[in-house]
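Hello! Here is the structure I promised to pass on to you. Have a look through it first, and then read my notes below.

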Amino acid sequence: MKDYITVVGGGLSGCEAAYQIAKRGIKVKLYEMKPKKFSDAHTNENLAEIVCSNSFKSNLHTNACGLLKEELRKLDSLLIKIADKTSVPAGQALAVDREKFSESITQEIKHNPMIQIINEEIKNIDKLAKEGIVIIATGPLTSESLSENIAKITGEDKLYFYDAAAPIVLKDSINFDIAFFGDRYNQEKKKEETIEEWKKRQSNNNPSYINLPMNKEEYEYFYNQLINAEIVQLHEFEKREIFEGCMPVEIMAKRGIDTLRFGPLKPVGFDDPRTGKRPYAIVQLRQDNEEGTIYNIVGFQTNLKFGEQKRVFSLIPGLENADFIKYGVMHRNTYINSSKLLDETYNLKNNKNIFFAGQISGVEGYVESISSGLVAGINAVNLYNEKEKLRFSELTMIGALSKYISTYNEKFQPMNANFGILPQLEKKIKDKKLKYKMLADRALDNL
(Lines give C-alpha, C1' and ligand atoms only; values in the text may rest on other atoms or scores of the structure.)
Protein backbone atom coordinates (compact mmCIF):
# COMPACT_ATOMS: atom_id res chain seq x y z
CA MET A 1 0.00 0.00 0.00
CA LYS A 2 1.16 3.54 -0.81
CA ASP A 3 2.41 5.73 2.03
CA TYR A 4 -0.35 8.28 1.42
CA ILE A 5 -4.12 8.53 1.06
CA THR A 6 -5.63 10.00 -2.10
CA VAL A 7 -8.46 12.54 -1.98
CA VAL A 8 -10.17 13.39 -5.28
CA GLY A 9 -11.89 16.78 -5.18
CA GLY A 10 -10.91 20.02 -3.47
CA GLY A 11 -14.34 21.15 -2.32
CA LEU A 12 -15.67 21.37 1.22
CA SER A 13 -15.68 17.66 2.00
CA GLY A 14 -12.40 16.94 0.20
CA CYS A 15 -10.52 19.68 2.06
CA GLU A 16 -11.94 18.57 5.42
CA ALA A 17 -10.99 14.95 4.71
CA ALA A 18 -7.46 15.96 3.66
CA TYR A 19 -7.00 18.00 6.86
CA GLN A 20 -8.27 15.21 9.12
CA ILE A 21 -5.90 12.72 7.47
CA ALA A 22 -2.88 15.04 7.60
CA LYS A 23 -3.37 15.94 11.28
CA ARG A 24 -3.18 12.22 12.05
CA GLY A 25 0.26 11.98 10.48
CA ILE A 26 -0.59 10.45 7.09
CA LYS A 27 0.41 12.09 3.80
CA VAL A 28 -2.32 13.19 1.40
CA LYS A 29 -2.42 13.61 -2.36
CA LEU A 30 -5.30 15.99 -3.05
CA TYR A 31 -6.42 16.07 -6.70
CA GLU A 32 -8.34 19.13 -7.90
CA MET A 33 -8.98 19.73 -11.61
CA LYS A 34 -9.15 23.53 -11.27
CA PRO A 35 -7.70 25.70 -12.72
CA LYS A 36 -7.05 23.42 -15.70
CA LYS A 37 -10.73 22.61 -15.97
CA PHE A 38 -13.84 24.18 -14.41
CA SER A 39 -17.34 22.77 -13.92
CA ASP A 40 -20.35 24.72 -15.20
CA ALA A 41 -20.84 26.38 -11.80
CA HIS A 42 -17.27 27.12 -10.61
CA THR A 43 -15.41 30.32 -11.47
CA ASN A 44 -12.30 30.85 -9.28
CA GLU A 45 -9.13 28.87 -8.68
CA ASN A 46 -9.39 28.46 -4.91
CA LEU A 47 -10.23 25.30 -3.03
CA ALA A 48 -13.54 25.01 -1.15
CA GLU A 49 -15.27 27.45 -3.50
CA ILE A 50 -18.82 28.32 -2.44
CA VAL A 51 -20.99 28.64 -5.54
CA CYS A 52 -24.44 29.22 -3.99
CA SER A 53 -25.46 30.99 -0.79
CA ASN A 54 -22.76 32.18 1.61
CA SER A 55 -24.86 30.99 4.57
CA PHE A 56 -23.95 27.92 6.63
CA LYS A 57 -27.40 28.19 8.24
CA SER A 58 -28.27 28.69 11.89
CA ASN A 59 -25.79 28.70 14.76
CA LEU A 60 -28.51 28.04 17.32
CA HIS A 61 -28.13 25.01 19.55
CA THR A 62 -31.78 24.12 18.95
CA ASN A 63 -31.37 24.09 15.15
CA ALA A 64 -30.30 20.80 13.51
CA CYS A 65 -27.59 22.40 11.40
CA GLY A 66 -26.50 24.48 14.40
CA LEU A 67 -26.11 21.27 16.39
CA LEU A 68 -24.09 19.69 13.58
CA LYS A 69 -21.73 22.69 13.50
CA GLU A 70 -21.25 22.46 17.27
CA GLU A 71 -20.38 18.77 16.99
CA LEU A 72 -17.87 19.59 14.26
CA ARG A 73 -16.31 22.37 16.35
CA LYS A 74 -15.73 19.89 19.16
CA LEU A 75 -14.02 17.53 16.69
CA ASP A 76 -11.65 20.22 15.34
CA SER A 77 -13.19 20.70 11.90
CA LEU A 78 -10.90 22.94 9.85
CA LEU A 79 -13.66 24.29 7.65
CA ILE A 80 -16.01 25.23 10.49
CA LYS A 81 -13.09 26.89 12.30
CA ILE A 82 -12.34 29.01 9.22
CA ALA A 83 -16.03 29.69 8.62
CA ASP A 84 -16.16 31.15 12.15
CA LYS A 85 -13.06 33.27 11.46
CA THR A 86 -14.35 34.61 8.13
CA SER A 87 -17.95 35.15 9.25
CA VAL A 88 -20.00 38.22 8.37
CA PRO A 89 -23.02 39.62 10.28
CA ALA A 90 -26.04 37.39 9.65
CA GLY A 91 -28.10 37.42 12.84
CA GLN A 92 -28.35 33.93 14.32
CA ALA A 93 -26.89 32.31 11.20
CA LEU A 94 -23.27 31.64 10.31
CA ALA A 95 -22.54 33.37 7.00
CA VAL A 96 -19.08 33.83 5.54
CA ASP A 97 -17.17 36.19 3.28
CA ARG A 98 -17.00 33.63 0.48
CA GLU A 99 -13.73 34.93 -1.00
CA LYS A 100 -11.90 35.09 2.33
CA PHE A 101 -13.28 31.69 3.30
CA SER A 102 -12.00 29.95 0.15
CA GLU A 103 -8.69 31.82 0.22
CA SER A 104 -8.11 30.85 3.86
CA ILE A 105 -8.88 27.18 3.20
CA THR A 106 -6.56 27.20 0.19
CA GLN A 107 -3.70 28.69 2.21
CA GLU A 108 -4.19 26.21 5.07
CA ILE A 109 -4.16 23.23 2.72
CA LYS A 110 -1.38 24.56 0.47
CA HIS A 111 1.01 25.20 3.37
CA ASN A 112 0.31 21.92 5.16
CA PRO A 113 3.52 19.87 4.69
CA MET A 114 1.54 16.62 4.77
CA ILE A 115 -0.70 17.58 1.82
CA GLN A 116 0.32 17.69 -1.84
CA ILE A 117 -2.12 19.47 -4.17
CA ILE A 118 -2.16 18.08 -7.72
CA ASN A 119 -4.10 20.12 -10.29
CA GLU A 120 -5.26 17.34 -12.53
CA GLU A 121 -8.59 15.82 -13.52
CA ILE A 122 -9.03 12.22 -12.39
CA LYS A 123 -11.06 10.19 -14.87
CA ASN A 124 -10.42 6.71 -13.51
CA ILE A 125 -10.43 5.60 -9.87
CA ASP A 126 -9.61 1.92 -10.48
CA LYS A 127 -5.81 2.24 -10.53
CA LEU A 128 -5.73 4.58 -7.54
CA ALA A 129 -7.90 2.21 -5.48
CA LYS A 130 -5.72 -0.79 -6.34
CA GLU A 131 -2.65 1.03 -5.06
CA GLY A 132 -4.12 2.55 -1.90
CA ILE A 133 -7.04 4.25 -0.14
CA VAL A 134 -9.08 6.82 -2.06
CA ILE A 135 -11.76 9.30 -0.96
CA ILE A 136 -14.01 10.46 -3.80
CA ALA A 137 -15.25 13.95 -2.95
CA THR A 138 -16.02 15.37 -6.39
CA GLY A 139 -19.33 16.98 -5.53
CA PRO A 140 -22.66 17.40 -7.31
CA LEU A 141 -21.04 18.44 -10.61
CA THR A 142 -18.73 15.45 -11.02
CA SER A 143 -17.33 15.32 -14.57
CA GLU A 144 -18.95 13.01 -17.11
CA SER A 145 -15.90 10.79 -17.56
CA LEU A 146 -15.44 10.26 -13.81
CA SER A 147 -19.18 9.72 -13.35
CA GLU A 148 -19.04 6.89 -15.87
CA ASN A 149 -16.12 5.33 -14.00
CA ILE A 150 -17.92 5.66 -10.64
CA ALA A 151 -20.98 3.96 -12.15
CA LYS A 152 -18.73 1.08 -13.22
CA ILE A 153 -17.09 0.83 -9.78
CA THR A 154 -20.38 0.87 -7.89
CA GLY A 155 -22.08 -1.57 -10.23
CA GLU A 156 -24.95 0.82 -10.77
CA ASP A 157 -26.46 1.27 -14.22
CA LYS A 158 -26.46 5.00 -13.76
CA LEU A 159 -25.84 7.77 -11.27
CA TYR A 160 -28.44 10.37 -10.41
CA PHE A 161 -27.55 13.31 -12.61
CA TYR A 162 -30.24 15.50 -11.13
CA ASP A 163 -31.84 15.76 -7.73
CA ALA A 164 -35.62 15.76 -8.03
CA ALA A 165 -36.60 15.56 -4.38
CA ALA A 166 -39.98 16.18 -2.79
CA PRO A 167 -40.42 18.08 0.50
CA ILE A 168 -40.16 16.08 3.73
CA VAL A 169 -42.18 16.80 6.87
CA LEU A 170 -42.08 15.60 10.47
CA LYS A 171 -44.83 13.09 11.18
CA ASP A 172 -45.53 14.67 14.59
CA SER A 173 -46.46 17.96 12.88
CA ILE A 174 -49.20 16.43 10.68
CA ASN A 175 -52.82 16.98 11.72
CA PHE A 176 -54.32 13.52 12.22
CA ASP A 177 -57.78 14.92 12.74
CA ILE A 178 -57.65 15.12 8.92
CA ALA A 179 -54.86 12.73 7.88
CA PHE A 180 -55.26 8.97 7.89
CA PHE A 181 -53.03 5.97 7.29
CA GLY A 182 -53.57 3.43 4.54
CA ASP A 183 -52.45 2.06 1.21
CA ARG A 184 -54.43 2.76 -1.93
CA TYR A 185 -57.30 0.34 -2.63
CA ASN A 186 -57.04 -1.32 0.80
CA GLN A 187 -59.37 1.41 1.96
CA GLU A 188 -62.13 -0.11 -0.19
CA LYS A 189 -62.20 -3.07 2.22
CA LYS A 190 -62.63 -0.99 5.36
CA LYS A 191 -65.41 -1.80 7.78
CA GLU A 192 -67.98 0.73 8.98
CA GLU A 193 -66.69 2.53 12.06
CA THR A 194 -67.38 5.60 14.14
CA ILE A 195 -65.08 8.63 14.16
CA GLU A 196 -63.87 7.59 17.64
CA GLU A 197 -63.09 4.06 16.42
CA TRP A 198 -61.30 5.49 13.37
CA LYS A 199 -59.13 7.85 15.48
CA LYS A 200 -58.20 5.00 17.81
CA ARG A 201 -57.19 2.85 14.83
CA GLN A 202 -55.05 5.69 13.44
CA SER A 203 -53.05 5.94 16.66
CA ASN A 204 -52.21 2.22 16.47
CA ASN A 205 -51.78 1.91 12.71
CA ASN A 206 -48.47 2.68 11.04
CA PRO A 207 -48.31 1.66 7.38
CA SER A 208 -46.11 3.32 4.79
CA TYR A 209 -48.53 6.02 3.60
CA ILE A 210 -50.34 8.94 5.20
CA ASN A 211 -53.24 10.37 3.20
CA LEU A 212 -54.56 13.95 3.14
CA PRO A 213 -58.04 14.30 1.57
CA MET A 214 -59.14 17.53 -0.15
CA ASN A 215 -62.59 18.72 -1.20
CA LYS A 216 -63.21 20.63 -4.44
CA GLU A 217 -62.91 24.09 -2.88
CA GLU A 218 -59.68 23.21 -1.01
CA TYR A 219 -58.15 21.67 -4.11
CA GLU A 220 -58.95 24.56 -6.44
CA TYR A 221 -57.60 27.15 -4.01
CA PHE A 222 -54.40 25.12 -3.57
CA TYR A 223 -54.13 24.66 -7.35
CA ASN A 224 -54.37 28.39 -8.08
CA GLN A 225 -51.77 29.25 -5.46
CA LEU A 226 -49.45 26.55 -6.82
CA ILE A 227 -49.47 27.63 -10.46
CA ASN A 228 -48.88 31.28 -9.50
CA ALA A 229 -46.10 30.70 -6.94
CA GLU A 230 -42.53 31.97 -7.45
CA ILE A 231 -39.97 29.50 -8.77
CA VAL A 232 -36.17 29.21 -8.64
CA GLN A 233 -34.46 29.95 -11.94
CA LEU A 234 -32.21 27.10 -13.06
CA HIS A 235 -28.90 27.29 -14.90
CA GLU A 236 -29.14 26.49 -18.60
CA PHE A 237 -27.11 23.31 -18.15
CA GLU A 238 -29.56 22.14 -15.48
CA LYS A 239 -32.62 22.79 -17.63
CA ARG A 240 -31.30 20.51 -20.36
CA GLU A 241 -30.99 17.56 -17.99
CA ILE A 242 -33.76 17.95 -15.44
CA PHE A 243 -36.85 18.45 -17.53
CA GLU A 244 -36.05 15.42 -19.67
CA GLY A 245 -36.20 13.20 -16.61
CA CYS A 246 -38.78 14.56 -14.18
CA MET A 247 -41.70 16.96 -14.14
CA PRO A 248 -41.99 19.61 -11.38
CA VAL A 249 -45.41 19.51 -9.75
CA GLU A 250 -46.10 23.17 -10.61
CA ILE A 251 -45.34 22.55 -14.32
CA MET A 252 -47.57 19.49 -14.33
CA ALA A 253 -50.35 21.55 -12.73
CA LYS A 254 -50.14 24.20 -15.47
CA ARG A 255 -51.21 21.61 -18.03
CA GLY A 256 -54.75 21.81 -16.70
CA ILE A 257 -56.72 22.16 -13.50
CA ASP A 258 -57.46 18.43 -13.30
CA THR A 259 -54.01 17.14 -14.32
CA LEU A 260 -52.88 16.55 -10.71
CA ARG A 261 -56.18 14.79 -9.92
CA PHE A 262 -55.35 12.24 -12.61
CA GLY A 263 -51.73 12.08 -11.46
CA PRO A 264 -50.15 12.19 -7.99
CA LEU A 265 -53.34 13.54 -6.35
CA LYS A 266 -55.78 11.00 -7.78
CA PRO A 267 -58.36 10.02 -5.11
CA VAL A 268 -59.05 6.53 -6.51
CA GLY A 269 -59.08 3.80 -3.87
CA PHE A 270 -59.90 5.99 -0.87
CA ASP A 271 -62.85 7.21 1.15
CA ASP A 272 -62.47 10.14 3.53
CA PRO A 273 -63.15 8.59 6.97
CA ARG A 274 -64.74 11.86 8.11
CA THR A 275 -67.44 11.76 5.42
CA GLY A 276 -67.45 8.17 4.16
CA LYS A 277 -67.20 9.56 0.61
CA ARG A 278 -64.44 9.64 -1.96
CA PRO A 279 -62.45 12.92 -1.69
CA TYR A 280 -62.08 15.27 -4.65
CA ALA A 281 -58.28 14.86 -4.50
CA ILE A 282 -55.83 13.23 -2.13
CA VAL A 283 -52.19 13.97 -1.28
CA GLN A 284 -50.09 11.01 -0.17
CA LEU A 285 -47.03 11.07 2.10
CA ARG A 286 -44.60 8.16 2.03
CA GLN A 287 -42.53 7.01 5.02
CA ASP A 288 -38.94 8.15 4.53
CA ASN A 289 -36.96 6.50 7.32
CA GLU A 290 -36.97 3.26 9.31
CA GLU A 291 -38.36 4.88 12.44
CA GLY A 292 -41.33 6.40 10.61
CA THR A 293 -40.66 9.89 11.98
CA ILE A 294 -40.39 11.68 8.62
CA TYR A 295 -42.52 11.48 5.46
CA ASN A 296 -42.05 12.84 1.94
CA ILE A 297 -44.89 14.30 -0.15
CA VAL A 298 -45.32 11.89 -3.05
CA GLY A 299 -44.95 13.43 -6.52
CA PHE A 300 -44.10 16.91 -5.22
CA GLN A 301 -40.65 17.45 -6.74
CA THR A 302 -40.58 21.18 -7.34
CA ASN A 303 -38.69 24.31 -8.33
CA LEU A 304 -40.71 26.58 -6.03
CA LYS A 305 -38.69 28.87 -3.76
CA PHE A 306 -38.45 27.52 -0.22
CA GLY A 307 -40.67 30.23 1.26
CA GLU A 308 -43.29 29.55 -1.40
CA GLN A 309 -43.18 25.82 -0.66
CA LYS A 310 -43.92 26.51 2.99
CA ARG A 311 -46.78 28.86 2.08
CA VAL A 312 -48.40 26.81 -0.69
CA PHE A 313 -47.94 23.27 0.65
CA SER A 314 -49.23 24.34 4.08
CA LEU A 315 -52.57 24.95 2.32
CA ILE A 316 -52.98 21.17 1.98
CA PRO A 317 -55.42 20.07 4.71
CA GLY A 318 -53.45 18.33 7.44
CA LEU A 319 -50.22 20.23 6.70
CA GLU A 320 -51.38 23.62 8.02
CA ASN A 321 -48.84 23.40 10.86
CA ALA A 322 -46.37 21.07 9.18
CA ASP A 323 -42.71 21.23 10.10
CA PHE A 324 -40.82 21.04 6.78
CA ILE A 325 -37.43 19.54 7.58
CA LYS A 326 -36.40 19.52 3.93
CA TYR A 327 -37.82 21.46 1.00
CA GLY A 328 -38.18 20.05 -2.48
CA VAL A 329 -35.35 20.65 -4.96
CA MET A 330 -34.65 20.06 -8.62
CA HIS A 331 -31.10 20.81 -9.68
CA ARG A 332 -27.99 19.23 -11.20
CA ASN A 333 -26.66 16.84 -8.59
CA THR A 334 -24.58 13.74 -9.22
CA TYR A 335 -24.92 11.31 -6.31
CA ILE A 336 -24.75 7.58 -5.70
CA ASN A 337 -27.38 5.36 -4.12
CA SER A 338 -25.51 5.44 -0.81
CA SER A 339 -28.19 3.55 1.09
CA LYS A 340 -27.29 0.50 -0.98
CA LEU A 341 -23.56 1.12 -1.53
CA LEU A 342 -21.99 2.67 1.59
CA ASP A 343 -21.63 1.79 5.24
CA GLU A 344 -22.01 4.35 8.05
CA THR A 345 -18.33 5.40 7.68
CA TYR A 346 -18.91 6.41 4.02
CA ASN A 347 -16.87 3.36 2.96
CA LEU A 348 -17.88 1.48 -0.19
CA LYS A 349 -19.17 -1.95 0.84
CA ASN A 350 -17.73 -3.82 -2.13
CA ASN A 351 -14.32 -2.10 -2.14
CA LYS A 352 -12.87 -1.15 1.25
CA ASN A 353 -10.21 1.04 -0.36
CA ILE A 354 -12.83 3.53 -1.59
CA PHE A 355 -14.69 6.13 0.49
CA PHE A 356 -17.14 8.77 -0.71
CA ALA A 357 -17.66 12.19 0.88
CA GLY A 358 -19.71 15.30 0.21
CA GLN A 359 -22.85 15.64 -1.85
CA ILE A 360 -21.94 12.73 -4.11
CA SER A 361 -22.43 10.52 -1.02
CA GLY A 362 -26.04 11.61 -0.53
CA VAL A 363 -25.70 14.30 2.12
CA GLU A 364 -27.06 17.72 1.23
CA GLY A 365 -25.68 21.08 2.35
CA TYR A 366 -22.37 22.74 3.18
CA VAL A 367 -22.10 21.64 6.80
CA GLU A 368 -23.35 18.13 6.02
CA SER A 369 -20.66 17.80 3.33
CA ILE A 370 -17.99 18.89 5.82
CA SER A 371 -19.31 16.31 8.28
CA SER A 372 -19.03 13.50 5.74
CA GLY A 373 -15.49 14.58 4.86
CA LEU A 374 -14.49 14.48 8.52
CA VAL A 375 -15.96 10.98 9.04
CA ALA A 376 -14.46 9.63 5.81
CA GLY A 377 -11.05 11.16 6.59
CA ILE A 378 -10.88 9.74 10.10
CA ASN A 379 -11.91 6.29 8.92
CA ALA A 380 -9.57 6.29 5.95
CA VAL A 381 -6.75 6.77 8.48
CA ASN A 382 -8.10 3.98 10.70
CA LEU A 383 -8.23 1.66 7.69
CA TYR A 384 -4.69 2.70 6.70
CA ASN A 385 -3.49 1.92 10.25
CA GLU A 386 -5.48 -1.35 10.31
CA LYS A 387 -7.55 -0.11 13.22
CA GLU A 388 -11.25 -0.50 13.86
CA LYS A 389 -13.36 2.09 12.08
CA LEU A 390 -15.03 4.84 14.10
CA ARG A 391 -18.81 4.72 13.94
CA PHE A 392 -20.53 7.74 15.42
CA SER A 393 -23.61 7.09 17.53
CA GLU A 394 -26.94 7.75 15.83
CA LEU A 395 -27.77 9.94 18.85
CA THR A 396 -25.38 12.55 17.37
CA MET A 397 -26.26 14.50 14.24
CA ILE A 398 -23.04 13.31 12.57
CA GLY A 399 -23.99 9.71 13.32
CA ALA A 400 -27.65 10.13 12.36
CA LEU A 401 -26.65 11.46 8.93
CA SER A 402 -24.21 8.58 8.48
CA LYS A 403 -26.92 6.09 9.41
CA TYR A 404 -29.50 7.68 7.13
CA ILE A 405 -27.33 7.54 4.02
CA SER A 406 -26.26 3.94 4.75
CA THR A 407 -29.67 2.45 5.61
CA TYR A 408 -31.24 0.91 2.52
CA ASN A 409 -34.10 2.94 1.12
CA GLU A 410 -35.57 2.06 -2.26
CA LYS A 411 -36.59 5.70 -2.76
CA PHE A 412 -33.29 7.14 -1.47
CA GLN A 413 -32.75 10.84 -1.93
CA PRO A 414 -30.10 13.20 -0.50
CA MET A 415 -30.68 14.39 3.07
CA ASN A 416 -29.63 17.34 5.19
CA ALA A 417 -29.33 17.62 8.97
CA ASN A 418 -32.69 17.60 10.74
CA PHE A 419 -34.09 16.46 14.07
CA GLY A 420 -36.37 13.96 12.33
CA ILE A 421 -33.48 11.58 11.63
CA LEU A 422 -32.40 11.43 15.29
CA PRO A 423 -33.91 8.71 17.51
CA GLN A 424 -36.76 10.37 19.33
CA LEU A 425 -36.95 11.01 23.06
CA GLU A 426 -38.62 8.37 25.24
CA LYS A 427 -41.06 10.94 26.55
CA LYS A 428 -43.16 12.93 24.09
CA ILE A 429 -42.50 16.68 24.40
CA LYS A 430 -45.09 19.02 22.92
CA ASP A 431 -42.95 22.16 23.13
CA LYS A 432 -40.86 21.98 19.95
CA LYS A 433 -38.06 24.26 21.18
CA LEU A 434 -37.71 22.28 24.40
CA LYS A 435 -37.76 19.01 22.48
CA TYR A 436 -35.00 20.17 20.11
CA LYS A 437 -32.93 21.45 23.02
CA MET A 438 -33.20 18.09 24.75
CA LEU A 439 -32.22 16.25 21.55
CA ALA A 440 -29.26 18.61 21.06
CA ASP A 441 -28.09 18.26 24.67
CA ARG A 442 -28.31 14.49 24.38
CA ALA A 443 -26.30 14.54 21.14
CA LEU A 444 -23.48 16.67 22.60
CA ASP A 445 -23.35 14.59 25.78
CA ASN A 446 -23.12 11.45 23.68
CA LEU A 447 -20.44 12.90 21.39
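**What I found**

Among contacts in the protein (heavy atoms within 4.5 Å) between residues at least 6 apart in sequence, 71% join residues at least 24 apart. Before you go on, please note that this is a predicted model, in which local features need pLDDT of at least 70 and side-chain atom pairs count only at pLDDT 80 or more, while totals for chains, interfaces and linings use all residues. Residues are numbered from 1 along each chain as its sequence is written, and side-chain values use heavy atoms, with hydrogens and water left out.

**The overall picture**

The protein has 15 helices and 16 strands. Both are DSSP runs numbered from the N terminus, with helices being H or I of at least four residues and strands being E of at least two. Of the 447 residues, 56% are buried. Here buried means under 20% relative accessible area, exposed means over 50%, and partly exposed is in between, using a 1.4 Å probe and protein chains only.

Helix H1 (residues 12-22) shows what burial can look like: 11 of its 11 residues are buried. Among them are Leu12, Cys15, Tyr19 and Ile21.

Two strands pair if DSSP finds at least two bridges between them.

You can follow the pairing residue by residue. S4 is joined to strand S5 (residues 93-96) by 2 bridges: Val88 has Ala95 as its bridge partner, and Ser87 has Val96. S3 and S5 also pair over 2 bridges, in the antiparallel sense, and here Ser58 is partnered by Ala93 of S5. In the hairpin of S4 and S5, 4 residues lie between the strands, and Gly91 takes a positive phi near 65°.

As background, strands of a sheet pair through backbone hydrogen bonds, either parallel or antiparallel.

**The sheet of 6 strands**

Another open sheet has 6 strands in the order S10-S11-S12-S13-S9-S14, again with antiparallel pairing. S10 pairs with strand S11 (residues 209-214) over 2 bridges in the antiparallel sense, and Phe181 stands opposite Ile210 in S11. Helix H8 packs on the sheet, touching S11 and strand S12 (281-287), with its direction at about 95° to that of S11.

The buried residues of H11 are Glu308, Gln309, Val312 and Phe313. Seen down the axis of H11, they fall within an arc of 105°, so they line one face of the helix; the arc is that of the directions from the helix axis to the C-beta atoms. Their cover includes helix H8 (216-227), helix H10 (249-253) and strand S14 (324-326).

**Rings and a charge**

How many aromatic pairs does the structure hold? There are 13, where rings of Phe, Tyr and Trp (its six-membered ring) pair if their centres lie within 6.5 Å, and planes under 30 degrees apart count as stacked, over 60 as edge-to-face and the rest as tilted. Phe324 and Tyr327 have ring centres 5.6 Å apart and planes at 15°, so this pair is stacked. Phe324 is buried, with a relative accessible area of 8%, whereas Tyr327 is partly exposed, at 21%. Elsewhere, Phe56, Phe101 and Tyr366 form one aromatic cluster.

Arg261 lies over the face of Tyr280, at 3.8 Å from the ring centre. A charge sits over a ring if NZ of Lys or CZ of Arg is within 6 Å of the ring centre and within 35 degrees of the ring normal.

**A loop residue to look up**

Leu159 lies in the loop between helix H6 (144-154) and strand S8 (160-165). Is Leu159 buried or exposed? At 3% relative accessibility, Leu159 counts as buried. Not counting residues up to four places away in sequence, Leu159 touches Ser147, Ile150, Ala151, Thr334, Tyr335 and Ile336. The C-alpha atoms of Leu159 and Ser147 are separated by 7.2 Å, with the two residues 12 apart along the chain.

Enjoy exploring!

Methods. Axes are lines fitted to C-alpha atoms, for helices over the stretch in contact, and angles run from 0 to 180 degrees between N-to-C directions.
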